[in-house]
Amino acid sequence: MTFNDDSRLSGGKVKRRGRTAAIGGGAVGIGAIVVFLIAQFTGYDVSGLLGSGDGLTQIQQEGATVDAAAECRTGRDANASVDCRMEGAAESLDAYWSSEAQRLGFAYRSPDFFLFDGGTDTGCGTASAATGPFYCPPDRAIYLDTAFYDDLQSRYGSSGGPLAQMYVVAHEWGHHVQQLAGTFAGTDRSGTGASSGSVRVELQADCYAGAWVGDAAETRDADGRTFFEPITRAQIADALSAASAVGDDSIQERATGRVDPDSFTHGSSEQRQRWFLSGYQRGATACDTFSVPGSAL
């Protein structure tokens, strides 16, 4: 999506953390549920990476947390800078969910949103660039190394583009919505498979991302201006390319040359695209992935 040049960014939604380097074997221990959440877009089991914590020493090289968007004032800035784009997306997502949560019947509060470079400490353990974007429930925060966007194109085959980047954020924001709505607590996410609880959680987050995109052209800044210009078909195609790129089948086929639906944790490329479009076309109330039979997922 393209921001309106004259839309105003209020700032303060996105913070950037200084780089953390980890030296030694292993990493801090982390529960299986959080390992699953951290693997949102990598498609890999990172339990080994984030496992025992034996011998880990962390060096905070630039420990300060700063406002990532301190110099971001307008939509023009968001169109030119990835940090400003993250700020603009966060402000639009916050405005959308502040009202949409009332329709869905739960109280809304904003997540924290941290950009980092290389590695960072979280309430879910120590994360590195290799873990990809993730939502950490204990922190109620989204963590993102923006270098992932290069991987999204070069490694995962997405066409890239601003809406592909913002789809990633909107998906993680969807997990925050699920946390607030009690979906995490009420869903057994320990299993795998094409109709498992973990897949249903992921597909709902994709649907929530689509619902935001469908409303984004009407979401307004503090001055009443719309954040975005009207969305184009090409921009929707960008988002769909990202959803497809991180489908379980696509990731498995690239990694191993075969597809194993019994090990799915996020959903197929087709499912992720379809549920994104369901939200885009019909809104967040169409995102009940839990009441449909597995054959309809």
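Visitor: Are C207 and C287 buried or exposed?

Guide: This is a predicted model. In the model, C207 is buried, and C287 is buried too. The two form a disulfide, with sulfur atoms 2.0 Å apart.

Visitor: Where do C207 and C287 lie in the chain?

Guide: C207 sits in helix 7. C287 is in the segment after helix 10 (269-282). The pair links distant parts of the chain, 80 residues apart.

Visitor: What is the torsion about the S-S bond of C207 and C287?

Guide: About -80°, so this disulfide is left-handed.

Visitor: How many disulfides does the structure hold?

Guide: There are 3 disulfides. Number the bonded cysteines in sequence order, and the pairing reads 1-2, 3-4, 5-6.

Visitor: What does C72 join to?

Guide: C72 joins to C84, with an S to S distance of 1.9 Å. The torsion about the S-S bond is -75°, and the link is left-handed. C72 lies in the loop between strand 4 (65-67) and helix 2 (75-80), and C84 in helix 3 (residues 82-104), so the bond ties together parts 12 residues apart in sequence. Both C72 and C84 are buried.

Visitor: Which hand does the disulfide of C124 and C136 have?

Guide: Its torsion about the S-S bond is about 105°, so this disulfide is right-handed. The sulfur atoms of C124 and C136 are 2.1 Å apart. C124 is in the loop between strand 6 (119-122) and strand 7 (125-128), while C136 is in strand 8 (residues 134-136). C124 and C136 are both buried.

Visitor: Now the helices. What describes two packed helices?

Guide: Two things: the angle between their axes and the distance between the axes. Take helix 5 (residues 162-181) and helix 7 (residues 197-216). Their axes come within 8 Å and cross at roughly 120°. Helix 5 and helix 7 are therefore oblique to each other. The crossing is right-handed.

Visitor: Which residues make the contact of helix 5 and helix 7?

Guide: On helix 5, they include L163, Y167 and H171. On helix 7, they include V201, Y208 and W212. The contact residues divide into 11 nonpolar, 5 polar and 2 charged.

Visitor: At what angle do helix 5 and helix 8 pack?

Guide: About 50°, with the axes of helix 5 and helix 8 (residues 233-245) 7 Å apart. This pair is therefore oblique, and its crossing is right-handed. Helix 5 makes the contact with L163, A164 and Y167. Helix 8 brings residues including I236, D238 and A239. The residues of this contact divide into 7 nonpolar, 1 polar and 1 charged.

Technical notes
Residues numbered from 1 in each chain as written. Predicted model: local features only at pLDDT ≥ 70, side-chain atom pairs only at ≥ 80, totals over all residues. Heavy atoms only, no water. Axes fitted to C-alpha atoms, helices over the stretch in contact; angles between N-to-C directions. Helix = DSSP H or I, 4+ residues; strand = E, 2+ residues; numbered from the N terminus. Parallel < 35°, antiparallel > 145°, perpendicular 65-115°, else oblique. Left-handed = near helix turned anticlockwise from the far one by under 90°. Contact = heavy atoms within 4.5 Å. Nonpolar A, V, L, I, M, F, W, Y, C, P; charged D, E, K, R; others polar. Disulfide = S-S within 2.5 Å. Buried < 20%, exposed > 50% of the residue type's maximum accessible area, 1.4 Å probe, protein only.
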